[in-house]
Every structure is written in structure tokens, then in C-alpha cells.
Amino acid sequence: MRIIVALLLTAACTTHQHHDPDPEFYGRSWTFTVLGASIEPKKANGQDWDPDLSPPDPFARIYLDGQLLGIAPTIDDTFDPTWNYAPAPQIIFEGSLLSIDLIDSDTFDDDPIFQGCGTALTSATVKAGGASCPSQNGTVDLAITVE
Ligand SMILES: [Ca+2]
Ligand SMILES: [Ca+2]
């Protein structure tokens, strides 16, 4: 019985999915560039990012539909890292999701700055030039271009 209910829910979700009115960008090569980030001076709980009171050491992981696409490398001791890092361009079809984790690299346990900032890859996102992921701990700026 549970299986039948799940199937019905799936069918209902599919039926109500909105299609992008502007399909011109799909099936083409998309480049995602992690430009940089801006990180709050303290963690959300008021603590310093690092025990030595130095600024965080951020890196960023980029996922396309849950698959790791690339990692913008660690930059030491900065609240305003600049990467201009772009993994290999990808052919994108409608319904894809890009997700970014921004993380403070630590010797033992990395501090997540934020995780799972999702950006729906739509014509609106392309026309906006990309996205930023505002969060309690900071933002990351992502540029999107389509060839
Ligand atoms: Ca830390
Ligand atoms: Ca540090």
C-alpha cells in the first residue's frame, strides 16, 4: 500500500512541474565559475573560526545533481577569498541543480560555513549571470555563462 501511495505522489509532482518558458540554454555548454566569497567575522555561535583567532581558511565544493564537479582550493586566513575557479563546462538540460558547500579547512574537523546552497539551473539564473548564496555565515558568488 505504501508503494502505491509513493508512486501516486511521484506522478502528482511530475504533473505539476513547471517548464522553463525559455529553453534556449538547454543542451548547451554551461560554465560555472566560483568567483569568491564573503565570510562573517565570527561563526553563528559567536566563536572565532579558528582556535588561533586567525580568519577562516575557506574552500568550496561544487556539485552538479549531487555529483562532485570540482573543488575551489583552500585559501589561508581570509574572510574574502577570491577564486575565479571553474570546473570543466557541462552540457545542461532542464531540471539540473548546482550546489555549493563553503567550508573552513581545519587540521582536524573542517568547519562548514554553509552546505548545500542549491541553485536551480534555469534560463532566469543564466540571465541573472549567476547566483549568490546568502546565509547566516556568509555568501558565495557564482557566475554562470552558456556558450
Ligand atoms: Ca576553523
Ligand atoms: Ca585560519
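Reply: L142 lies in strand β9, which covers residues 138-146. Start there. Keep in mind that this model is predicted.

Is L142 buried or exposed? L142 counts as buried, because 23 C-beta neighbours lie inside 10 Å. The cut-off for a buried residue is 20 or more. Buried residues make up 22% of the 147 residues in the protein.

Now look at what L142 touches. Leave aside its neighbours within four places in sequence. The contacts of L142 are then F32, T33, V34, L35, I100, T119, G130, A131 and S132. G129 and L142 are 13 residues apart along the chain, and their C-alpha atoms are separated by 8.4 Å.

β1 and β9 pair in the antiparallel sense, over nine bridges. One pair to find is T33, which stands opposite A143 in β9. T33 is also in the contact list of L142.

β1 has other partners too. Strand β5, residues 90-92, pairs with β1 over three bridges, again in the antiparallel sense. There, S29 stands opposite I91. Two bridges join β1 to β4, and these strands run antiparallel. Here the bridge partner of V34 is Y85 in β4. V34 is another contact of L142.

Next, the core. L142 belongs to the largest nonpolar core, which has 21 residues. Which members touch the most other members? They are A60, I100, L102, V140 and L142. β1 gives the most, with five residues.

Take L102 from that group. Residues up to four places away in sequence are not counted here. L102 touches A37, P58, A60, I113, F114, G138 and V140. Two of the names in that list, A60 and V140, are also among the core members with the most partners.

Now follow I100, which is a contact of L142. I100 sits in β6, where it is the bridge partner of I62. I100 also stands opposite C117 in β7. So, which strands make up this sheet? Four strands form an open sheet in the order β3-β2-β6-β7, with antiparallel pairing. β3 and β7 stand at the edges, each with a single partner strand, so one side of each is left without a neighbour in the sheet. β7 covers residues 111-120. Neighbouring strands in this sheet are turned by 20 degrees against each other on average, ignoring direction.

Go through the pairings one by one. β2 covers residues 58-64 and β6 covers residues 97-104; seven bridges join them. β6 and β7 also pair over seven bridges, in the antiparallel sense. β2 and β3 are joined by five bridges, and β3 covers residues 67-72. In that last pairing, A60 stands opposite A72 in β3. A60 is the core member you met above.

β2 and β3 form a hairpin with two residues between the strands. D65 lies in the loop between them. Phi of D65 is near 50 degrees, a positive value in a residue other than glycine. Most residues other than glycine have a negative phi. D65 counts as partly exposed, because it has 13 C-beta neighbours inside 10 Å. D77 also has a positive phi near 50 degrees. D77 is placed in the loop between β3 and β4, and β4 covers residues 82-85.

Step back to the whole chain. The protein has two helices and nine strands. From the N terminus on, the elements run α-β-β-β-β-β-β-β-α-β-β. Among contacts with a separation of 6 or more, 60% join residues 24 or more positions apart.

How far can you trust the picture? The mean pLDDT of the protein is 90, and 88% of its residues reach 70 or more. Residues 7-15 have a pLDDT below 50, and beyond near neighbours in sequence this stretch has zero contacts in the model. Where pLDDT is low, the predicted coordinates should not be read in detail.

Key
Residues are numbered from 1 along each chain as its sequence is written. Chains are lettered from A and ligands numbered from 1 in the order in which they are written. This is a predicted model: local features need pLDDT of at least 70, side-chain atom pairs count only at pLDDT 80 or more; totals for chains, interfaces and linings use all residues. pLDDT is the predictor's confidence in each residue, from 0 to 100. Two residues are in contact if their C-beta atoms, placed from the backbone, lie within 7 Å. Two strands pair if DSSP finds at least two bridges between them. A residue is buried if 20 or more other C-beta atoms lie within 10 Å of its own, exposed if 12 or fewer, and partly exposed in between; C-beta atoms are placed from the backbone. Axes are lines fitted to C-alpha atoms, for helices over the stretch in contact, and angles run from 0 to 180 degrees between N-to-C directions. A nonpolar core is a set of buried Ala, Val, Leu, Ile, Met, Phe, Trp, Tyr and Cys residues joined through C-beta atoms within 7 Å.
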